[in-house]
Amino acid sequence: MTLKQGKNHLTYRVESIHIELTLERRLEALGLTEGSLITILNNDKKGSLTARFRGTRFALGRRIADNITVTEVTQHE
């Protein structure tokens, strides 16, 4: 599933990022890499979503969120 399909207040593990290299490098510099955990704070489904990773809140545009593949993290992981 993509990050944009995620639900509010759930945590996901980033599986892959499929976006142009310069933007992918920028996300890596911010700490969003394959294997990292990301929690969706607000995903209103219309545009950008707000998420927390590495202890910081970020707003991610729809195009970015649609190109990040994630899997849901269960409570016992």
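**Close-up views of the predicted model**

Just after α1, G31 adopts a positive phi of about 105 degrees. This is a predicted model, in which local features need pLDDT of at least 70 and side-chain atom pairs count only at pLDDT 80 or more, while totals for chains, interfaces and linings use all residues. Residues are numbered from 1 along each chain as its sequence is written, and side-chain values use heavy atoms, with hydrogens and water left out.

**View 1. The open sheet consists of five strands in the order β4-β3-β2-β1-β5, with antiparallel pairing.** The edge strands, β4 (56-60) and β5 (68-72), each pair on one side only. On average, neighbouring strands of this sheet are turned by 40 degrees against each other, direction ignored. Strands (E, at least two residues) and helices (H or I, at least four) are DSSP runs numbered from the N terminus; two strands pair if DSSP finds at least two bridges between them. Axes are lines fitted to C-alpha atoms, for helices over the stretch in contact, and angles run from 0 to 180 degrees between N-to-C directions.

**View 2. Strands β1 (residues 11-17) and β2 (residues 37-43) pair in the antiparallel sense over three bridges.** T11 stands opposite T39 in β2.

**View 3. S16 lies in strand β1.** S16 counts as buried because its relative accessibility is 15%; buried means under 20% relative accessible area, exposed over 50% and partly exposed in between (1.4 Å probe, protein chains only). The side chain of S16 makes a polar contact with the side chain of H18 (2.8 Å). A polar contact is a pair of N or O atoms within 3.5 Å; within protein, one must be able to donate a hydrogen and the other to accept it, and residues adjacent in sequence count only if both atoms are side-chain atoms. Not counting residues up to four places away in sequence, S16 touches E34, N67, I68 and T69 (contact: heavy atoms within 4.5 Å).

**View 4. The largest nonpolar core has 19 residues, and those with the most contacts inside it are L3, L32, I38 and I68.** Elements giving two or more residues to this core are β1, α1 (21-30), β2, β3 (49-53), β4, α2 (62-65) and β5. Such a core is a set of buried Ala, Val, Leu, Ile, Met, Phe, Trp, Tyr and Cys residues joined through side-chain atoms within 4.5 Å.

**View 5. The buried residues of α1 are L23, E24 and L27.** They lie on the same side of α1, because they cover an arc of only 100 degrees around the axis; the arc is that of the directions from the helix axis to the C-beta atoms. The face turned away from the buried side of α1 carries the exposed residues L21, T22 and A29.
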